[in-house]
Amino acid sequence: MGSFFSSLLGADAAATTSQSSDQSVKTFHSSARWQLHFNEIKDSPKLVVIDFSATWCGPCKMMEPIVHAFANEFTDVEFIKIDVDELSDVAREFKVQAMPTFLLLKNGKEVDKIVGAKKDELKTKIQRHRA
């Protein structure tokens, strides 16, 4: 019966969590689930880093283990991964035009943005905005 409801909601209706040691990166496969989650975090002063990527994007694949390492290092920051091909409406909403794009949000508002596979810049901006 559960698989019946999953097929109605879409097999990927729920957010999945990709484990990397003790911290995780949340991945959303449904715009509706993303919107529910965004509504929960938009009033939070906690830093949220959204990794907009695509499966075909080489630099995105290169950054994936780095993002997981940052998720382990910065446990007070929430890390989210969104595939721009799966959730193109979310990518449009945040005006993502290149991959990878990292958006840093606080209280649901963009506080910074990194376009490209810029590990050091991403780390610096996470450190700056997490406080």
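The buried residues of H3 are Cys-60, Met-63, Ile-66, Val-67, His-68, Phe-70 and Ala-71, where buried means under 20% relative accessible area, exposed over 50% and partly exposed in between (1.4 Å probe, protein chains only). This is a predicted model, in which local features need pLDDT of at least 70 and side-chain atom pairs count only at pLDDT 80 or more, while totals for chains, interfaces and linings use all residues. Residues are numbered from 1 along each chain as its sequence is written, and side-chain values use heavy atoms, with hydrogens and water left out.

**Chain overview**

- The chain holds 5 helices and 6 strands; helices (H or I, at least four residues) and strands (E, at least two) are DSSP runs numbered from the N terminus.
- Read from the N terminus, the order of elements is α-β-β-α-β-α-β-α-β-β-α.
- The chain has 131 residues, and 43% of them count as buried.
- Of the contacts (heavy atoms within 4.5 Å) between residues at least 6 apart in sequence, 67% join residues at least 24 apart.

**Helix H3**

- H3 covers residues 58-73, 16 residues in total, and spans 24 Å from its first C-alpha to its last.
- That span is close to the 22 Å expected at 1.5 Å a residue, the expected value being 1.5 Å times one less than the number of residues.
- At Glu-64, shortly before the proline Pro-65, H3 has a kink of about 30 degrees; the bend is the angle between axes fitted to the seven residues ending at a residue and the seven starting there.

**Strand E4: Glu-78**

- Glu-78 is in strand E4 and counts as buried because its relative accessible area is 10%.
- The side chains of Glu-78 and Lys-26 form a polar contact of 3.3 Å, that is, a pair of N or O atoms within 3.5 Å; within protein, one must be able to donate a hydrogen and the other to accept it, and residues adjacent in sequence count only if both atoms are side-chain atoms.
- Leaving out residues up to four places away in sequence, Glu-78 touches several residues, including His-37, Ile-41 and Val-49.

**Strand E4: Asp-83**

- Asp-83 is also found in E4, which runs over residues 78-83.
- The side chain of Asp-83 reaches the backbone nitrogen of Asp-85 at 2.7 Å.
- With residues up to four places away in sequence not counted, Asp-83 touches Ser-53, Ala-54 and Thr-55.

**Strand E2: Thr-27**

- Thr-27 lies in E2, residues 23-28, and is buried because its relative accessibility is 15%.
- Thr-27 and Phe-79 are 52 residues apart along the chain, with 8.8 Å between their C-alpha atoms.
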